[in-house]
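Please find my note below, as numbered points. The sequence and model come before the points.

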Amino acid sequence: MKHAFSTLVLVVIFFSGNCQNPLFIPPILEGKQVNLHVQYGSMQFQAGGPTATIGINGNFLGPTVILNQGDSIQLSVYNDLDESTTMHWHGLHVPARLDGSPHNVIQAHTVWSPRIKVLDQASTYWYHPHLHGKTAEQVTKGAAGMIIVRDNQESTLNLPRNYGIDDFPIVIQSRAFDTNRQFVVNSADDHTLLINGTIDPILKVPAQIIRFRVLNGSTNRVYNIGFQGNQLFYQIASDGGLLDAPVALTRLMLAPGERAELLVNLSGLKDQSLDLFSFGSELPNGIYGAAVPGSMGVGSIDGYSANILNGKDFKLIRLSVTAPTTQAISTIPSNLISNKKPDPSKSSVTRIITLSTSGMGMGNLSGPFLINGQSFSMDRIDFSAKLGATEIWQISNQTAIAHPFHIHGLQFFISDIGGAAPDRSRQGRKDVVLVPAMQSVRLIMKLDDFLDPEIPYMFHCHMLSHEDDGMMGQFLVTGIPTGLNTLIDDPLIR
Ligand code: C2O
Ligand code: CU
């Protein structure tokens with residue numbers, strides 16, 4: 001009876017067009033023992049029937065895991081599926097064997113229990129499966145969740161941090177459905193937007209300074225986020241930590257895998273509504289989500305189909321502004337933390353990493369895409385790097401589309417994008433960088449605390465269709481003192 005009723009409600013919502021659904025806020029999971037159950041589920045996204053999903057402790061997406069820097073945490077991932085999976089702690093600085101790369105497979109109906117020490121700075125991270133060839137499928141069906149790391153520095157700053165009250169997770173995803181209302185993986189017809197799994201969401205927010213933790217959890221799509229009316233907002237964190245100071249913005253481009261924490265001041269807007277948009281009409285050519293260039297590869301998985309979202313401005317969320325809470329902060333801090341970028345003169349190696357395609361001609365949009373001329377192989381270590389080294393990686397994109405490049409296990413800083421210094425919003429700690437078409441970016445990173453002499457770390461394009469297709473490589477860290485590699489249970493206690 002209840003089921004029939006909710007179907008009816010959804011039918012009404014679906015056909016009336018401008019109705020709104022309350023934004024789903026994933027529950028919090030915290031403590032020293034974190035249990036994640038990867039399970040099949042179903043959700044009613046469309047009129048007429050449910051969609052088969054994969055959720056974590058639920059039907060779609062997973063809980064927001066809150067970790068505190070310095071803690072040792074027992075994570076247990078129960079694979080309740082009839083198929084293999086893995087669980088990657090995207091952005092966390094953990095030894096490769098404790099991270100769910102394609103090498104750490106969790107067989108169907110088994111448990112994987114890595115014990116990690118939280119070394120990361122306060123920021124917004126996430127977790128998702130990473131089984132080679134299956135990542136896009138499992139993430140598309142809903143297997144992903146947010147991780148919030150807290151630390152003492154961030155805690156002393158005057159920032160909103162009441163989860164679901166003035167500090168909100170915003171997971172942006174786009175999906176394609178078939179005529180039976182099931183997800184289509186890697187479809188270029190991904191024009192249904194899900195925010196935290198909610199279609200056409202509305203969120204009640206207090207009339208004060210609020211915080212958004214935005215994750216682009218889409219397979220391929222890039223968003224150009226901003227508010228209606230060019231309402232100013234402030235970016236306070238990038239992928240792996242706070243920025244030196246808040247950066248005032250009206251637009252922020254976010255590629256798959258990237259996160260940003262934003263503050264927006266809604267005081268004075270009580271009883272009004274404000275829409276958060278993606279301004280796709282302003283995206284440069286060659287980006288998944290930009291307008292369709294005249295003659296290029298219609299129907300390809302790289303976004304140059306006639307997808308109705310491409311090149312368009314569209315609403316992500318409607319904010320409905322209510323009375324302020326009693327704990328409102330009254331000003332945006334002028335300084336946050338001081339990031340220490342590695343010194344380029346200390347760098348021992350510059351690695352050239354090329355992104356190319358074996359498709360016809362350099363400009364080919366449909367791939368397959370390669371890294372250093374090769375497709376990923378589980379059995380090939382692409383290079384070794386020395387523990388403690390400072391390295392510069394130059395990522396050269398020789399293709400006609402932008403690729404979001406991600407490295408496991410560390411945070412890097414961007415030295416330049418196409419020869420120009422990154423804007424202030426990209427000067428902080430990062431683990432994904434969007435490499436523009438036919439341009440290079442240079443990254444600088446320090447390989448400290450890497451304690452895994454046997455299991456490689458991955459680097460790859462975070463467009464999941466490209467990653468599954470082989471746009472991925474792996475490196476091993478050498479020079480780890482003997483003895484440390486046996487400390488599997490708590491390898492980071494030194
Ligand atoms: Cu979020 Cu290797 O991925
Ligand atoms: Cu790519």
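**Note on the predicted model**

1. The largest nonpolar core has 115 residues, and those with the most contacts inside it are Ile147, Val214, Val222 and Leu443. A nonpolar core here is a set of buried Ala, Val, Leu, Ile, Met, Phe, Trp, Tyr and Cys residues joined through C-beta atoms within 7 Å. Strand β16 (residues 209-216) gives the largest share of this core, 5 residues.

2. The model is predicted: local features need pLDDT of at least 70, side-chain atom pairs count only at pLDDT 80 or more, and totals for chains, interfaces and linings use all residues. Residues are numbered from 1 along each chain as its sequence is written, while chains are lettered from A and ligands numbered from 1 in the order in which they are written.

3. On confidence, the mean pLDDT of the protein is 91, and 89% of its residues reach 70 or more; pLDDT is the predictor's confidence in each residue, from 0 to 100. Residues 1-17 have pLDDT below 50, and beyond near neighbours in sequence this stretch has 10 contacts in the model. Residues 295-303 also stay under 50, with 28 contacts beyond four places in sequence. A contact requires C-beta atoms, placed from the backbone, within 7 Å. The model scores are ipTM 0.99 and pTM 0.93.

4. Leaving aside neighbours within four places in sequence, valine 222 is in contact with Met253, Leu254, Ala255, Leu283, Ile287, Tyr288, Gly289 and Leu434.

5. An open sheet contains 5 strands in the order β25-β24-β27-β31-β29, with mixed pairing. Its edge strands are β25 (369-371) and β29 (413-417), each pairing on one side only. From one strand to the next the twist averages 20°, where axes are lines fitted to C-alpha atoms and angles run from 0 to 180 degrees between N-to-C directions. Strands are DSSP runs (E, at least two residues), numbered from the N terminus, and two of them pair if DSSP finds at least two bridges between them.

6. How do the strands of this sheet pair? Strand β24 (residues 347-357) and β25 are antiparallel over 3 bridges, with leucine 355 opposite isoleucine 371 in β25. Strand β27 (residues 390-397) runs antiparallel to β31, joined by 7 bridges; here isoleucine 395 stands opposite valine 441 in β31. β29 and β31 pair in the antiparallel sense over 4 bridges, and phenylalanine 413 faces isoleucine 444 in β31 as its opposite residue.

7. Strand β31 (residues 440-446) is mostly covered, with 6 of its 7 residues buried. Buried means that 20 or more other C-beta atoms lie within 10 Å of the residue's own, exposed means 12 or fewer, and partly exposed is in between, with C-beta atoms placed from the backbone.

8. Not counting residues up to four places away in sequence, serine 347 touches Thr390, Glu391, Ile392 and Ile444. Serine 347 and isoleucine 444 are 97 residues apart in sequence but 8.2 Å apart in space, C-alpha to C-alpha.

9. A separate pairing joins strand β18 (residues 233-238) to strand β19 (residues 241-249), antiparallel over 5 bridges. β18 and β19 form a hairpin with 2 residues between them, and tyrosine 234 stands opposite alanine 248 in β19.

Notes
Contact = placed C-beta atoms within 7 Å.
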